[in-house]
Amino acid sequence: MKRKTGFFFDEHCFWHSTGLHATTLPVGGWVQPPAGASHAESPETKRRLKSLMDVSGLSRSLILSSAEPATEETLLKIHPQEYLTRFKQVSDNGGGLLGKEAPLGPGSYEITKLSVGLACAAVEAVLKGELDNAYSLSRPPGHHCLPDESMGFCFLANIPLAIERAKTLFNIERIAVIDWDVHHGNGTQHIFWDRSDVLTISIHQDGCFPPGYSGEDDIGGGDGTGYNINIPLLAGAGHNSYIYAMEQIVIPALARFKPELIIVASGYDANAMDPLARMQLHSESFRDMTRLVMNAADSLCDGKLVIVHEGGYSEAYVPFCGLAVIEEMSGVRTEVADPLLDFIRLQQPRAEFEHFQQQLLDKLKKKFGL
């Protein structure tokens, strides 16, 4: 079924600079300067996704928009003034390292406000009924950012800020956030830890980032107890384990919560070609997960779904994964064929491994009362 799908992006987001690195290592000392590619969080994964959308014809089926940068008033809903002032000073002074694994360049403060603004505009358009669903190509990403601390390439909490703004503008009480970025959505978890109005679910590689973190025992606190769900998967889990986790835990948790809006933090770093993780997904994995969430949104909240771009660091493969998601959202299938799909399908884990992973997921399902 064809849908009225919005795609929010801005060229300026591609101009955020992370400085000279080799993947995530600053050059110097024993680290040789790279000949070509630099930091893992480069603009090319996102730019190539947009380019593939254009040349495939998918962009013509979408409603393309930019947005205004988030206002200081919006940012202050989560981030203290001291942090915003420090962020802007580093940006104005030409960049540097703002937090753990959080390098930035000149102008990154204004660009990050725009990244937040894209997510806010996507949420607003869906809640107004102007769009059936929407995708925000936000960069820099946001799901690791704490109120007063940047980390993991994230400087402002894109999705939480969009949620807080939506709660101010609209009479909306329950929002669910599904984070399938391969790294744990620790910033989103922290911000909504003691709240029952936002259900946070993170599917991530066990122990990947933050380093050593699993999170299965972290279920929220105070009024938010039971409203935070972590699903750590073993490295190499693969397609079937992700779909099992979605069907057995994520979708039942959504049904129990009954959200009025679903937001997905869509990192593509669980793909088999990613340099920062080991999870073996392919483009059809992301298409299938999107289909499951869309079906849940149709039955629970009149299809109100916003997907916000997070991580994903394979410049060659992220575009095929992102295209599959946006094709599914819009109900438009292009002629693009994933050139690595068969190759990655042949690399999926053995049945014995999948059975063991499913046993662990069954224990989690019972633990969460699902």
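**View 1. Lining of the largest cavity.** The largest cavity is lined by Val177, Asp179, His184, Gly185, Thr188, Gln189, Thr200, Ile201, Ser202, Asn228, Ile229 and Asn230. Two or more of these lining residues come from each of strand S8 (175-179), helix H6 (186-191), strand S9 (198-205) and strand S10 (228-233). The model shown here and in the following views is predicted. A volume of about 60 Å³ is computed for the largest cavity. Sorted by class, its lining comprises three nonpolar, eight polar and one charged residues. The count of cavities of 30 Å³ or more in the model is two.

**View 2. Lining of the second largest cavity.** The second largest cavity holds about 30 Å³ of space. Its lining consists of Pro141, His143, His144, Gly152, Cys154, Asp181, His183, Asp269, Glu310, Gly311 and Tyr313. By class, three nonpolar, five polar and three charged residues make up the lining of this second largest cavity.

**View 3. Thr85 in helix H3.** Helix H3 spans residues 81-92 and contains Thr85. The relative accessible area of Thr85 is 33%; Thr85 is therefore classed as partly exposed, since this value lies between the 20% limit for buried and the 50% limit for exposed residues.

**View 4. Thr85 and Glu352.** Thr85 and Glu352 are separated by 267 residues in sequence. In space, the C-alpha to C-alpha distance between Thr85 and Glu352 is 52 Å.

Definitions and conventions:
Residues are numbered from 1 along each chain as its sequence is written. This is a predicted model: local features need pLDDT of at least 70, side-chain atom pairs count only at pLDDT 80 or more; totals for chains, interfaces and linings use all residues. Side-chain values use heavy atoms; hydrogens and water are left out. Helices (H or I, at least four residues) and strands (E, at least two) are DSSP runs, numbered from the N terminus. Buried means under 20% relative accessible area, exposed over 50%, partly exposed in between (1.4 Å probe, protein chains only). On a 1 Å grid over the protein atoms alone, a cavity is a set of points where a 1.4 Å probe fits but cannot get out, and a pocket is an open set with protein on both sides within 12 Å along at least five of seven lines; lining residues have an atom within 4 Å of a point. Grid points are joined across faces, edges and corners, and a volume is the space filled by probe spheres set on the points. Ala, Val, Leu, Ile, Met, Phe, Trp, Tyr, Cys and Pro count as nonpolar, Asp, Glu, Lys and Arg as charged, and the others, Gly among them, as polar.
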